[in-house]
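Here is a report on how side chains pair up across one protein chain. Look at the structure first, then read on.

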Amino acid sequence: MDIEQSDLMAGGMTFRCRAAGPRNGRLVLLLHGFPQTSRVWDATLAALAEDGLRAVAFDQRGYSPGARPDSVDAYAIKHLAGDVLAVARELGADTFHLVGHDWGGIVAWQIAGLHPDVLDSLTVVSTPHPTSFKAALHGELGGDQPQRSAYADFLRQPDVAEDFLLASDAAGLRGLYSESPAEQVADYLAVLCDRRALTASLNYYRATAFDEQPHVSSIQVPTLYVWSTEDEFLGKEAARATAQHVAAPMTYVELEGVSHWIPDTAAAQFNALLQQHIRTAGAPDPT
């Protein structure tokens with residue numbers, strides 16, 4: 001399945017997009033996390049296209065050269081969520097299926113909580129519901145989430161984080177990609193070795209601390225949440241508490257022996273779960 005590449009203007013900015021599937025298929029938007037790009041979703045785009053869906057992943061604010069404002073405040077979650085809604089509108093979709101991993105998952109929870117009417121279904125990979133995540137960070141669920149999230153304090157340090165990640169031919173960045181396919185790593189590095197792009201991606205952490213995420217109410221759309229037992233950043237306590245904050249039908253899956261990088265390392269398992277979820281959630285064919 002060929003992946004289409006294009007630039008899309010939405011909300012006054014230009015986003016680099018990757019897409020597959022018939023243009024009249026139901027829209028599925030996929031949101032990547034840090035430090036990756038839309039390239040992480042290539043296998044998933046192909047799988048969804050085989051089901052007749054129009055699957056679109058885009059390099060989000062900061063990662064796309066034409067969507068890279070300078071101020072830290074421009075990377076607050078409300079702006080990241082606004083970009084998703086603007087992209088969907090530009091693609092002509094009144095409603096769509098939404099998938100997010102890592103920071104993309106944080107944004108996806110926000111959209112589902114604030115704009116449930118635009119979603120046919122929600123799928124979040126790795127990232128727990130913000131309320132359960134905050135509880136874990138504050139020690140209310142037990143476990144070691146504060147220690148797991150300590151890296152974020154380092155990433156919030158201007159210039160210090162950039163210097164570390166880019167030093168010695170980007171050794172710090174490359175170390176995060178040890179499990180990723182080489183062709184995807186090349187794309188990630190092509191984007192994030194540009195210091196301005198790296199700063200923009202780190203501004204996600206600088207604009208919103210994990211325990212300062214806006215409140216998200218109980219989720220009212222069909223939800224698939226996939227967590228993995230070897231996730232080094234996100235512990236089981238918040239993952240398993242997430243179901244308490246979903247009022248709609250929810251499927252929770254733990255992938256045994258899989259790291260945080262599920263779209264890279266367990267694409268086949270994840271894609272099968274996602275395809276089944278979207279089939280089950282259903283939606284009328286576009287007219």
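## Charged pairs and ring pairs

Arg195 is partly exposed, with a relative accessible area of 33% (buried means under 20%, exposed over 50%, partly exposed in between, with a 1.4 Å probe and protein chains only). This is a predicted model: local features need pLDDT of at least 70, side-chain atom pairs count only at pLDDT 80 or more, and totals for chains, interfaces and linings use all residues. Residues are numbered from 1 along each chain as its sequence is written, and side-chain values use heavy atoms, with hydrogens and water left out.

**Salt bridges.** A salt bridge is a side-chain nitrogen of Lys or Arg within 4 Å of a carboxyl oxygen of Asp or Glu. The count by this rule is 19. Three of them are listed here.

| Salt bridge | Closest N to O |
|---|---|
| Arg195 and Asp159 | 3.4 Å |
| Glu162 and Arg206 | 2.9 Å |

Take Glu162 and Arg206 first. (Helices are DSSP runs of H or I, at least four residues; strands are runs of E, at least two; both are numbered from the N terminus.) Both Glu162 and Arg206 are buried.

Arg16 is in strand β2 and Asp59 in the loop between β4 and α2, so the pair joins parts 43 residues apart in sequence. Is Asp59 buried or exposed? Asp59 counts as buried, because its relative accessibility is 0%. Arg16 is partly exposed at 23%.

Salt bridges can also link up: Glu4, Arg23 and Arg54 form a network of them.

**Aromatic pairs.** Rings of Phe, Tyr and Trp (its six-membered ring) pair if their centres lie within 6.5 Å; planes under 30 degrees apart are stacked, over 60 edge-to-face, and the rest tilted. This rule gives 18 aromatic pairs. The rings of Tyr75 and Tyr204 have centres 6.0 Å apart and planes at 35 degrees, so this pair is tilted. Tyr75 lies in the loop between β4 and α2 and Tyr204 in helix α9, so the pair ties together parts 129 residues apart in sequence. Tyr75 is buried, at 0% relative accessible area. Tyr204 is buried too, at 2%.

Trp103 and Phe210 also form a tilted pair, with 6.2 Å centre to centre and 40 degrees between the planes. One aromatic cluster includes Tyr75, Trp103, Tyr204 and Phe210.
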